[in-house]
Amino acid sequence: MNDRGVPLLVGRDLHKSYGPTAALDGASIHVRAGEIVAVMGPSGSGKSTLLHCAAGIVPPDSGRISYDGRELNAMSDVERSALRRREFGFVFQFGQLVPELTCLENVALPLRLDGVKRREAERRAAGWLDRLEVADIAHQRPGEVSGGQGQRVAVARALVNRPRVLFADEPTGALDSLNGERVMRLLTQAARESDTAVVLVTHETRVAAYSDREVVVRDGRTRDAELVA
Ligand SMILES: Nc1ncnc2c1ncn2[C@@H]1O[C@H](COP(=O)(O)OP(=O)(O)OP(=O)(O)O)[C@@H](O)[C@H]1O
């Protein structure tokens with residue numbers, strides 16, 4: 001049973017430097033099941049690094065990350081990548097769809113990689129394209145669709161295997177405000193319907209308005225309120 005009071009994902013006192021640059025200097029974050037958390041802060045403050053560490057993509061120099069009671073640091077690379085594939089979904093600013101595949105095939109891809117048969121994978125993918133209001137471009141390739149449509153396809157692909165946490169790094173950063181609003185409305189609606197938590201990096205207050213809670217990063221640090229038991 002999922003206790004909504006207990007955080008699903010916790011990153012504590014994370015430090016990460018790139019050469020002389022301290023990208024994270026004691027940042028923490030916690031996310032409860034189904035919760036939408038916006039990570040805010042000025043450019044270069046460490047938001048993306050915090051997302052990458054929390055998602056197990058980049059190992060922190062120090063600090064601890066736990067997901068559903070399991071320490072990420074204690075896992076092997078194979079276990080961590082299996083966790084990312086099965087439990088996490090990712091949406092980035094752009095360039096994430098496979099250009100040679102149709103939008104439908106792109107969305108079906110994570111299921112195919114998990115061994116789901118083509119017909120079933122494409123049936124489920126079509127359902128997600130429909131939810132994201134891009135069913136009409138199912139057979140087009142990413143290069144033939146608009147930026148907003150492409151991002152909605154990317155959201156469908158990130159949610160198709162029902163992750164428990166969706167990590168989104170500036171998902172509307174390359175879109176005009178109208179398209180950005182549409183992507184955010186559909187992303188948050190789909191995440192809420194499937195009880196997927198969202199960690200959303202953004203510097204736009206309009207985008208953060210779709211979240212339940214904000215975590216502010218400044219100079220690689222967050223407020224102590226992020227340090228939960
Ligand atoms: N791979 C890397 N190599 C070297 N320096 C890096 C790397 N990734 C991040 N940094 C540096 O770490 C600091 C934090 O970067 P990060 O991308 O996490 O910030 P951000 O808040 O997401 O910025 P933005 O809003 O501009 O995307 C910056 O000074 C950045 O230049």
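Two residues are in contact if their C-beta atoms, placed from the backbone, lie within 7 Å.

**Figure 1. Helix H5 against strands S6 and S7 of the predicted model.** Helices (H or I, at least four residues) and strands (E, at least two) are DSSP runs, numbered from the N terminus. Helix H5 (residues 147-159) lies across S6 and strand S7 (165-169), and runs at about 170 degrees to S6. Axes are lines fitted to C-alpha atoms, for helices over the stretch in contact, and angles run from 0 to 180 degrees between N-to-C directions. Residues are numbered from 1 along each chain as its sequence is written.

**Figure 2. The open sheet of five strands.** The strand order is S6-S7-S8-S3-S9, with parallel pairing; two strands pair if DSSP finds at least two bridges between them. Strand S6 (88-91) and strand S9 (213-216) are at the edges with a single partner strand each, so one side of each has no neighbour in the sheet. From one strand to the next, the twist averages 20 degrees.

**Figure 3. The pairing of strands S3 and S9.** Four bridges join strand S3 (residues 36-40) to S9 in the parallel sense. Val-37 has Arg-213 in S9 as its bridge partner.

**Figure 4. The surroundings of Val-199.** Leaving aside neighbours within four places in sequence, Val-199 is in contact with residues including Val-37, Val-39, Val-165 and Phe-167.

Conventions
This is a predicted model: local features need pLDDT of at least 70, side-chain atom pairs count only at pLDDT 80 or more; totals for chains, interfaces and linings use all residues.
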